[in-house]
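Here's a quick briefing to read alongside the structure. Have the sequence handy, and look each residue up as you go.

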Amino acid sequence: MIVPILKLGASELRKVSEPVTDFNGELEEIARNMIETMYGASGIGLAAPQIGINIRLVTIDPTVGEDKDKTIVICNPEIVTSEGRQSGQEGCLSIPNFSENVERPMKMVVQGRDLKGEGVRFEAEGILSRCFCHEIDHINGVLFIDHLSALKRTLIRNKIKKLAKAGEW
Ligand code: NI
């Protein structure tokens, strides 16, 4: 089921999310909704807080659904090691139509758990490394605009305030 994506201004986006501890229950359904919602919005990643659920669950697919077998679903992801730097444009489904240059590590190793609670480990490079960073930021209540200069952040906030006033946010 495609569910609404919260936008900047929603309090859930600013909370530190709770670790996943129950690997039964609704976890699989939440993940399925996240994947459908991510593809529905042509996104390459989504974190549970973006659909209003403050748990440490993220979905990632840099191919935007071209190879759905490779969709990554990870609970409680943690960066084990990271190296190098990359600079590139980054956007967010919760801050639509804005993108800015953000620096991220070029490579990283991430570990966490799958939907069954089994340990998983990914070696990520380039765009995948960027995705992991962005989504792990989300479950810590951090958004890409937090990595920008105060001036750039204020410019974006002011534009969004105008959009909100016009009922377009
Ligand atoms: Ni995002």
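In which loop is the place of V64? V64 sits in the loop between β2 (57–60) and β3 (72–83). Before we go on, keep in mind that this is a predicted model: local features need pLDDT of at least 70, side-chain atom pairs count only at pLDDT 80 or more, and totals for chains, interfaces and linings use all residues. Residues are numbered from 1 along each chain as its sequence is written, and side-chain values use heavy atoms, with hydrogens and water left out.

**The whole chain**

- Read from the N terminus on, the elements go α-β-β-β-β-β-β-β-α-α.
- The C-alpha trace spans about 45 × 35 × 30 Å along its principal axes.
- Buried residues make up 44% of the 169 residues; buried means under 20% relative accessible area, exposed over 50%, and partly exposed in between (1.4 Å probe, protein chains only).
- Of the contacts between residues at least 6 apart in sequence, 64% join residues at least 24 apart; a contact means heavy atoms within 4.5 Å.
- The chain exposes about 9100 Å², and carbon and sulfur atoms supply 49% of that; accessible areas come from the Shrake-Rupley method with a 1.4 Å probe, and for residues only the protein chains shown count as cover.
- The mean positions of the 21 positive and 24 negative charges lie 9 Å apart. Lys and Arg count as positive and Asp and Glu as negative, while His and the chain ends are not counted; the place of a charge is taken as NZ of Lys, CZ of Arg, CG of Asp or CD of Glu.

- Most residues other than glycine have a negative phi.
- V64 has a positive phi of about 50° although it is not a glycine, and V64 counts as partly exposed because its relative accessibility is 36%.
- N76 has a positive phi too, near 50°, and is also a residue other than glycine.
- N76 lies in strand β3 and counts as buried, with 17% relative accessibility.

**Buried spots in the helices**

- T37 belongs to helix α1 (residues 27–40), and its relative accessible area of 2% is why it counts as buried.
- Not counting residues up to four places away in sequence, T37 touches M1, I2, V3, I5 and L46.
- A polar atom of the T37 side chain lies 2.6 Å from the backbone oxygen of N33.
- H138 lies in helix α2 and is buried, at 1% relative accessibility.
- Leaving aside neighbours within four places in sequence, H138 is in contact with residues including L13, K15, A47 and C92.

- D146 lies in the loop between α2 (127–139) and α3 (150–165), and D146 is partly exposed because its relative accessibility is 29%.
- Not counting residues up to four places away in sequence, D146 touches R14, G141 and R153.
- The side chains of D146 and R14 are joined by a polar contact of 2.7 Å; a polar contact is a pair of N or O atoms within 3.5 Å, where within protein one must be able to donate a hydrogen and the other to accept it, and residues adjacent in sequence count only if both atoms are side-chain atoms.
- D146 and T37 are 109 residues apart in sequence and 24 Å apart in space, C-alpha to C-alpha.

**Two glutamates on strands**

- E123 is in strand β7 (residues 119–125) and counts as exposed, at 69% relative accessibility.
- The C-alpha atoms of E123 and M108 are separated by 6.0 Å, with the two residues 15 apart along the chain.
- E103 is in strand β5 (residues 99–104) and counts as partly exposed, at 48% relative accessibility.
- The side chain of E103 makes a polar contact of 3.0 Å with the side chain of R85.

How values were computed: Helices (H or I, at least four residues) and strands (E, at least two) are DSSP runs, numbered from the N terminus.
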